[in-house]
Amino acid sequence: MSDTLLMVGKIVNTHGIRGELKILPHTDFPEVRFAPKSKLKIVNPDSGVITDVTVASARPVKQMYVVRFEGYDNINLVEKYKGCELKVTKEESVELPDNEYYFYEIIGCRVVSDEGEELGVIEEILRPGANDVWVVKMPSRKQLLLPVIDDVVLDVDVKSKLVKVHLLEGLL
């Protein structure tokens, strides 16, 4: 079941005493995901327990979203969800334009240079600003930080989990 679910956020803390939660979004569409009436699943990463919830209200605060779920209007009802993940089913994913990918499609991809050198596997996506950065775990245990720009990322094949890149001077 969990492999058909996509992570859209992580509950990092409670906010106030009225049942609001601070959520770190893991989605390019937080305004869609956390819109009132949106259906989400709270997944406990330890127990695997899934709780279906409906967004009552949400607002962006700095890099986070403060969200309240219908029927959860008290801190005591939501405290247990700290550290849980918010997910949606794959069927509910938003169609993306060409050359845009979901995190789950990129993480785990093998990375190969345009010279055929096996570089490693993408293990994380950073969003520092102008462009995303893909963190590649190399066999040497070092990390390679790949800026997601046209000069670097040449081809992404999500079906075969393979990314072809051109290493600019200074990246390695």
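Visitor: Over how many bridges do strand β7 and β12 pair?
Guide: This is a predicted model, in which local features need pLDDT of at least 70, side-chain atom pairs count only at pLDDT 80 or more, and totals for chains, interfaces and linings use all residues. Residues are numbered from 1 along each chain as its sequence is written, and side-chain values use heavy atoms, with hydrogens and water left out. Strands pair if DSSP finds at least two bridges between them. β7 (residues 110-113) and β12 pair in the parallel sense, and the number of bridges is four.

Visitor: Which residue in β12 stands opposite arginine 110?
Guide: Strand β12 covers residues 162-165. The residue of β12 opposite arginine 110 is leucine 162.

Visitor: In which sense do β11 and β12 pair, parallel or antiparallel?
Guide: β11 and β12 form a hairpin with four residues between them, and lysine 161 in the turn has a positive phi of about 50°. Valine 156 stands opposite valine 163 in β12. Over four bridges, the sense of the β11 and β12 pairing is antiparallel.

Visitor: How many helices and strands does the chain have?
Guide: Helices (H or I, at least four residues) and strands (E, at least two) are DSSP runs, numbered from the N terminus. The chain has 172 residues, of which 37% are buried. Its C-alpha trace spans about 55 × 30 × 30 Å along the principal axes. The count is three helices and 12 strands.

Visitor: What volume does the largest pocket have?
Guide: Rolling a probe the size of a water molecule over the atoms shows where empty space is left. On a 1 Å grid over the protein atoms alone, a pocket is an open set of points where a 1.4 Å probe fits, with protein on both sides within 12 Å along at least five of seven lines; lining residues have an atom within 4 Å of a point. Grid points are joined across faces, edges and corners, and a volume is the space filled by probe spheres set on the points. For the largest pocket the volume is about 730 Å³.

Visitor: Which residues lining the largest pocket are the closest to its centre?
Guide: β1 gives the most to this lining, with four residues. The lining numbers 26 residues, and the closest to the centre are Pro25, His26, Thr27, Phe103 and Arg127.

Visitor: Which element gives the most to the lining of the second largest pocket?
Guide: The second largest pocket holds about 410 Å³ of space. Its lining has 19 residues, with Asn99, Glu100, Tyr101, Trp134 and Val148 nearest the centre. Two elements, α3 and β11 (153-157), each supply at least two lining residues. The one that gives the most, with four residues, is β11.

Visitor: Which residues does glycine 83 touch?
Guide: Glycine 83 lies in the loop between α2 (75-78) and β6. Glycine 83 has a relative accessible area of 29%, so it is partly exposed. Contact means heavy atoms within 4.5 Å. Not counting residues up to four places away in sequence, glycine 83 touches Lys10, Ile11 and Pro45.

Technical notes. Buried < 20%, exposed > 50% of the residue type's maximum accessible area, 1.4 Å probe, protein only.
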